[in-house]
Amino acid sequence: MTKYDLEPITKTFYDALEEGTVLGRKCTSCGHIEFPPYLCCNSCGCLDTEWVDLTNMRGVIGQVLPTRGAFGDPEFRKVHGDYFSIEVKVPGADPVSTSLLHVDYDKYDEFDRFVRENEVVVKPLIIQDEDTKVLVWELEDESEFKKIPEIKEAAPAKAKEEAAAPAAKAIDLSNDATAQTVIDAAADAYGVDASEITLATDIREDLSNESMKMIVMISTIEDETNVTIEIQEASNLMTIADFVNVVKERLGEETISADTASGSVSGGTAAATADTGTEELDDIAKKVIQCAADSYGVDASEITLATDIREDLSNESMKMIVMISEIEDELDVTIEIQEASNLMTIADFVRVVRERL
């Protein structure tokens, strides 16, 4: 079997970005464009493709999702400002998932509705990210949703070091059951040995920025300690010590002070759904339905209490999580990720919300 090496294509693509050029591969047989570039044509299977300049291409947004909470990249946001996750439909190519920069995050709901009702054109944007240039997108035209952020330059490293407090000595917290539970949860979720994790471990920097691993960790902590950590809240927790302190606060325990943060540690079934055919919708049900409609990109009139989330809407976990987040914000309740996996219909979610209210 012939072995095809993709490394030269990847290198050529990123070398071109350094020069301000966006490249793709065009099939010489059917004309289909592979973007991002790939060796062969994913439309007809032809192995004969050639480079094509896509710097001036335009795309249309197919879907938009928020990126705060556990699913965003806090470090990227600090450098480049707020962004949305979008699906871009490029003429002649398959849809691509990417990021939309220079947006007003506070207008997400309005922008989401606008995208569903209008053809929103975007263009490529090459930015400098750490040690390489990457490709993202921005709105082609000026609009109420476009917002260029004012990013403050980071303080020089030396100034940061002078401002920082002296490093504390590592303290053995092996007898702290709460800290040990959080560390074990992180070790299991991120697939590392617990001995490699300390209270000073930065979740995203030292372990992984994969959102699903964060969710698994949160879920394990909740199961083991019987506390709740909201997804949006977790986005502001950076280190293991941050998570430990949240748990300790909810358990009424003494939190870990900043001086000891560098210390190391060794070592359902849903209730039966009510008859939903004739039930009149109250305000709670209407809000849950609207949250589902917004998250799954459908009209609220298409959703009833009997709507099965996965069967009738979508089995995409990201949309489910967005829906949960919307419900929590709108109704000031908490629905745990693991709990939601056992909720099938809109009526199930309405029931849980009612119980909590």
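Predicted model: local features only at pLDDT ≥ 70, side-chain atom pairs only at ≥ 80, totals over all residues.
The protein chain has 357 residues, of which 45% count as buried. Its secondary structure comes to 14 helices and 8 strands. The accessible surface of the chain is about 19200 Å², and 46% of that area belongs to carbon and sulfur atoms.

The salt bridges come next. Side chains of opposite charge can pair when their charged atoms come close. The structure holds 10 such salt bridges. One of them joins lysine 11 to aspartate 15, with the closest N and O atoms 2.7 Å apart. Both residues belong to helix H1 (residues 7-18), and because they are 4 residues apart there, about one helical turn separates them. An α-helix has 3.6 residues a turn, so residues three or four places apart point the same way. Lysine 11 is exposed, with a relative accessible area of 53%, while aspartate 15 is partly exposed at 38%.

Arginine 116 is partly exposed, with a relative accessible area of 36%.

Glutamate 138 and lysine 123 also form a salt bridge, at 3.9 Å from N to O. This pair links distant parts of the chain, 15 residues apart: glutamate 138 lies in strand E8 (residues 132-139) and lysine 123 in strand E7 (residues 121-129). Glutamate 138 is buried, with a relative accessible area of 10%, whereas lysine 123 counts as partly exposed at 23%. Elsewhere, salt bridges that share partners join Asp176, Lys248 and Glu253 into one network.

Some acidic residues belong to a surface patch. A negative patch is formed by Asp106, Asp109, Glu110, Glu144, Glu230, Asp329, Glu330 and Asp332. Helix H3 (108-117) and helix H12 (317-331) are the elements that give two or more residues to this patch. Aspartate 109 is a member of the patch that sits in helix H3. Its relative accessible area is 38%, which makes aspartate 109 partly exposed. Aspartate 106 lies in the loop between strand E6 (96-101) and H3. The C-alpha atom of aspartate 106 is 9.1 Å from that of phenylalanine 145, although the two residues are 39 residues apart along the chain.

The last two stops are covered parts of the chain. Threonine 49 is located in strand E3 (residues 49-53). With a relative accessible area of 8%, threonine 49 is buried. Leaving aside neighbours within four places in sequence, threonine 49 is in contact with Arg25, Lys26, Cys27, Thr28, Tyr38, Leu39, Cys40 and Cys41.

Helix H14 (residues 346-356) is mostly covered, with 8 of its 11 residues buried. The buried residues of H14 are Ile346, Ala347, Asp348, Phe349, Val350, Arg351, Val352 and Val353.

Note on methods
Residues numbered from 1 in each chain as written. Heavy atoms only, no water. Patch = residues over 30% accessible without salt bridge, like charges linked within 9 Å, V, L, I, M, F, W, Y side chains within 5 Å. Areas by Shrake-Rupley, 256 points an atom, 1.4 Å probe, with all protein chains shown as cover. Salt bridge = Lys/Arg side-chain N within 4 Å of Asp/Glu carboxyl O. Lys, Arg positive; Asp, Glu negative; His and termini not counted. Charge placed at Lys NZ, Arg CZ, Asp CG, Glu CD. Buried < 20%, exposed > 50% of the residue type's maximum accessible area, 1.4 Å probe, protein only. Contact = heavy atoms within 4.5 Å.
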